[in-house]
Amino acid sequence: MTGQRYNGPIIDAHHHFWDLGLGKHGWLEGGDPSDELAPFRRNHLVADYEALAVPQGIVASVHVEANWDPADPAGESRWLDTLERSPGIAARYVAHAALLDPGAERVLEAHAANGRVVGIREILSWHPDPAKRRMPDNDRMDDPRWRATLARFREHGFSFDLLITPHQFESTRRLVADFPDIAFILNHCASPIDRDAEGMKRWRDGLGLLAAAPNVAIKISDPVAYDPQWTRESLGEVIDACIDAFGPERAMFATDHPVAGLHIGFAEWVDVFKEATRGFSAEEQAALFEGSARRWYRLA
């Protein structure tokens with residue numbers, strides 16, 4: 001590429017903090033010291049993040065729920081509020097709510113009481129292969145009870161962070177069409193999880209399907225989760241496909257720190273993204289690195 005590399009401010013639209021001493025992250029407790037989660041079994045807090053983010057020009061960020069104790073979903077935001085950090089860091093929160101739970105509406109009200117909470121995430125990822133699933137069922141987005149809770153997002157102004165797989169793109173298309181006044185933000189490049197030719201075609205075709213809805217955006221984050229033996233070329237193809245489908249105004253940079261650190265360094269991912277976007281205009285680069293996240297997550 002012959003264009004200029006982006007050298008302006010960056011908003012990280014997706015990262016996590018946790019403190020294991022709180023006993024609120026059961027998914028990180030115990031386990032084998034040699035398993036894939038071992039690098040996560042330590043605290044990941046503000047100082048750790050800022051040491052990596054500030055030198056890269058990150059001026060603001062969005063904290064996304066990190067599987068906090070489901071018995072107290074609003075507790076994560078209360079804890080985040082106590083953390084001292086630079087202005088802009090974790091300026092907005094995407095909190096958790098299980099929309100089928102009987103108390104889901106009360107949870108939404110608790111989240112709405114915190115001005116930093118602008119969105120909700122409930123992980124919905126389903127795959128025909130049980131080993132690749134995050135959820136056991138694949139009918140929530142069509143469930144009338146789940147949808148009734150989602151409809152309450154309107155009164156709170158919440159967006160919905162979607163973590164899904166390409167096998168759910170058709171049900172997602174129906175969902176976003178039926179709720180055109182709710183913003184949906186796809187996580188992690190919409191999960192190009194099946195790396196064979198058929199799987200990648202399903203993913204690429206699905207990007208176009210979802211991008212046809214103007215109320216959907218995409219976070220270009222943690223592609224290495226699905227491509228651990230990545231090359232700059234393989235990551236560049238994913239970045240290009242996301243931007244081609246959604247355009248710079250509906251695509252945004254994000255790190256998924258510390259999860260992405262399993263397979264790529266923080267500064268390395270920033271560098272890959274800057275190289276991959278050399279060919280865009282200064283205005284388009286500014287949208288990808290800052291403007292889109294600022295608008296979709298309502299950052300001042």
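A residue is called buried when its relative accessible area is under 20%, exposed when that area is over 50%, and partly exposed in between, using a 1.4 Å probe and protein chains only. By that rule Arg140 counts as buried, because its relative accessibility is 19%. The model is predicted, so local features need a pLDDT of at least 70 and side-chain atom pairs count only at pLDDT 80 or more, while totals for chains, interfaces and linings use all residues. Residues are numbered from 1 along each chain as its sequence is written, and side-chain values use heavy atoms, with hydrogens and water left out.

**Salt bridges**

- The structure holds 26 salt bridges, where a salt bridge means a side-chain nitrogen of Lys or Arg within 4 Å of a carboxyl oxygen of Asp or Glu.
- Side chains of opposite charge can pair when their charged atoms come close.
- Arg140 has Asp137 as a salt-bridge partner, at 3.1 Å from N to O. Asp137 is partly exposed, at 23% relative accessibility.
- Asp72 and Arg78 also form a salt bridge, with 3.1 Å between the closest N and O atoms. Asp72 has a relative accessible area of 23% and is therefore partly exposed.
- Between Arg152 and Glu105 there is a salt bridge of 2.4 Å, N to O. This pair links distant parts of the chain, 47 residues apart: Glu105 sits in helix H3 (residues 104-112), and Arg152 in the loop between helix H4 (144-151) and helix H5 (153-156).
- Arg152 is partly exposed at 22% relative accessible area, and Glu105 is partly exposed at 36%.
- A network of salt bridges links Arg5, Arg232, Asp271, Glu275 and Arg278.

**The sheet**

- Helices (H or I, at least four residues) and strands (E, at least two) are DSSP runs, numbered from the N terminus. Two strands pair if DSSP finds at least two bridges between them.
- Eight strands form an open sheet with parallel pairing, in the order S1-S2-S3-S4-S5-S6-S7-S8.
- Strand S1 (10-15) and strand S8 (251-253) are the edge strands, each pairing on one side only.
- On average, neighbouring strands of this sheet are turned by 25 degrees against each other, direction ignored. The axes behind such angles are lines fitted to C-alpha atoms, for helices over the stretch in contact, and angles run from 0 to 180 degrees between N-to-C directions.
- Strand S7 (residues 216-220) runs parallel to S8 and is joined to S8 by three bridges. Ile218 has Ala251 in S8 as its bridge partner.

**Aromatic rings**

- There are 16 aromatic pairs in the structure. Rings of Phe, Tyr and Trp (its six-membered ring) pair if their centres lie within 6.5 Å; planes under 30 degrees apart count as stacked, over 60 as edge-to-face and the rest as tilted.
- Trp18 and Trp27 make an edge-to-face pair, 5.4 Å centre to centre with 80 degrees between the planes. Trp18 is buried at 0% relative accessibility, whereas Trp27 is partly exposed at 29%.
- Phe273 and Phe289 are edge-to-face because their planes stand at 90 degrees, with ring centres 5.0 Å apart. Since Phe273 lies in helix H9 (residues 266-276) and Phe289 in helix H10 (residues 282-296), the pair ties together parts that are 16 residues apart in sequence.
- Phe273 and Phe289 are both buried.
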